[in-house]
Amino acid sequence: MRASITPAEMGAHIYGDSPPEKLGFTRAMDLGLPRETALTFIDPDRDYQPNTATSQRSEGSAKSNTAVSIPLVMTANEGASAAALMHWDAWLGRTQLNFTLMDSWNPHPGLAYGVPFEDQTLPYRITRVTRGANGLTEVEALSDESVTYTADVEGTSGTIPDDES
């Protein structure tokens, strides 16, 4: 994590206005999260033909599927691990956090910052920063459990398609 943001620094507001809630939480519904994620990539073991790795969640009420195709050469294991990371990143990052800071803070989108919650500091990845002329910085962040989740998944290359020439 880049730094920890203390509760005293959150909830910034213009003098004379009512102070906002220090933290606003929103949790994505399971229905909007992927049940399956498919990643298509170039597999050298398949004579550089496309291969697709999938990651699934077998329980819950999720109904949607996500499919991504990238022109990147990966082994079957790398592709399966990347598909798992993409899939679980959506599930682990389903809690959104909103708060305001004074302009003295310069949070960077894409980086994780520690946010205190009850008796622990949790990682949140900044997704949007909006600076106003009033000196306030509005911040949106997603829970970032990627620091604790790693994937080492066994993939398969399958068979090479027949050459019909």
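Predicted model: local features only at pLDDT ≥ 70, side-chain atom pairs only at ≥ 80, totals over all residues.
1. Strand β5 (residues 95-102) and strand β8 (residues 136-143) run antiparallel and are joined by seven bridges. Strands here are DSSP runs of E with at least two residues, numbered from the N terminus, and two strands pair if DSSP finds at least two bridges between them.

2. Residues are numbered from 1 along each chain as its sequence is written, and side-chain values use heavy atoms, with hydrogens and water left out.

3. An open sheet is formed by five strands in the order β1-β5-β8-β7-β6, with antiparallel pairing. Its edge strands, β1 (24-27) and β6 (112-117), each pair on one side only. From one strand to the next, the twist averages 40°.

4. Now to Asn 51, which is found in strand β3 (residues 49-56). Is Asn 51 buried or exposed? Asn 51 has a relative accessible area of 8%, so it is buried (under 20% relative accessible area, 1.4 Å probe, protein chains only).

5. The side chain of Asn 51 makes a polar contact with the side chain of Asp 43 at 2.8 Å (a pair of N or O atoms within 3.5 Å, one able to donate a hydrogen and the other to accept it; residues adjacent in sequence count only if both atoms are side-chain atoms). A polar atom of the Asn 51 side chain also lies 3.0 Å from the backbone oxygen of Thr 156.

Terms used:
Helix = DSSP H or I, 4+ residues; strand = E, 2+ residues; numbered from the N terminus. Buried < 20%, exposed > 50% of the residue type's maximum accessible area, 1.4 Å probe, protein only. Axes fitted to C-alpha atoms, helices over the stretch in contact; angles between N-to-C directions.
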